[in-house]
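Hi everyone, thanks for coming. Let me put the structure up, and then we can walk through a few parts of it together.

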Amino acid sequence: MHAIGIATDSHASLPPDVAKQLNIRILPMPFTIDGQDYLEGVDLTREEFFARQAAGADIATSQPSPSTVMALWDEMLLTHEQILYMPISSGLSGSCSTATALAQDEPYLGRVFVVDNGRVASPLYQSILDARYLEEKGLTAPQIKAALESVRDQVSIYIAVETLTYLQKGGRISSAAAAVGTLLNIKPILKLATGKLESHKKARGFRKAQELMLEAIREDLAIRFREQHARGDVFLIAAGSADEAATAAWFEQITAAFPGMPLLYADLSMGVSCHTGPGALAVGLSIRPRI
């Protein structure tokens, strides 16, 4: 039994077997599709989600209710003195801010510590692994929270999308830009920086977009994270909403480009996939905090 309880939400895309092995609780994130409520991974599978998305369904993301969050904490506090709650970045969802406010009141004050280190998908998955690593080194929950948040800005993840349709629906690009981009086969590359999705570059064709993402990782390893890479604190991560064949081919490209570096993969959550659509691929780097 771990001394510190850890909970996250389904945006971490933590595989059930890994969650069970590490004793991680996962809070499913709510969705509304054509006016009907769903919970990710509970009554809505990824296959169903992408089928509804492709059919043009009206999909809206939401955040768990305060009562749902508190019910999870109450249950975990029966068996743990301290809890680390690691939700999706506050830059991408209001659920982190809500949880932070809840943790300031009794009976959670001083027992529940909400981590906001700007992570989602595979970076959040890696942070959970880092949290367990830091626990094994003897750190307390507030110390782990401080350590994880100290490297908030030390992450890179680049995401290429197959279609501009869903960026347009989410208001991230205009209808005119989407139309021109589609006509010219322009594939935007997004960057997850400090918890927010930002524009990075544009490429002619998806293959070129993949090449540019790998170039960006090489540059980050050589310059931005040179010292961390030299001491072994850099982790190679990937994410996506593509099918199995495209994901496998992407794995091969990444491992060929960075031989010897272990690769951690997580599906893009349904919430992120609302904006990227199907077929998106990502690659990035995460830095483990020093102690």
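Is α5 mostly covered or mostly open, and how many of its 15 residues are buried? Mostly covered: twelve of the 15 are buried, where buried means under 20% relative accessible area with a 1.4 Å probe, counting protein chains only. Before I go on, this is a predicted model, so local features need pLDDT of at least 70, side-chain atom pairs count only at pLDDT 80 or more, and totals for chains, interfaces and linings use all residues. Residues are numbered from 1 along each chain as its sequence is written, and side-chain values use heavy atoms, with hydrogens and water left out.

Back to α5, which covers residues 122-136. Helices here are DSSP runs of H or I with at least four residues, strands are E runs of at least two, and both are numbered from the N terminus. Just after α5, glycine 138 takes a positive phi of about 100 degrees.

Now the sheet. Four strands make an open sheet, ordered β2-β1-β6-β7, with parallel pairing; two strands pair if DSSP finds at least two bridges between them. At the edges sit β2 (24-27) and β7 (112-114), each pairing on one side only. Strand β6 (residues 82-86) is joined to β7 by three bridges, and isoleucine 83 stands opposite valine 112 in β7.

Conventions. The expected span of a helix is 1.5 Å times one less than its number of residues. Buried means under 20% relative accessible area, exposed over 50%, partly exposed in between (1.4 Å probe, protein chains only).
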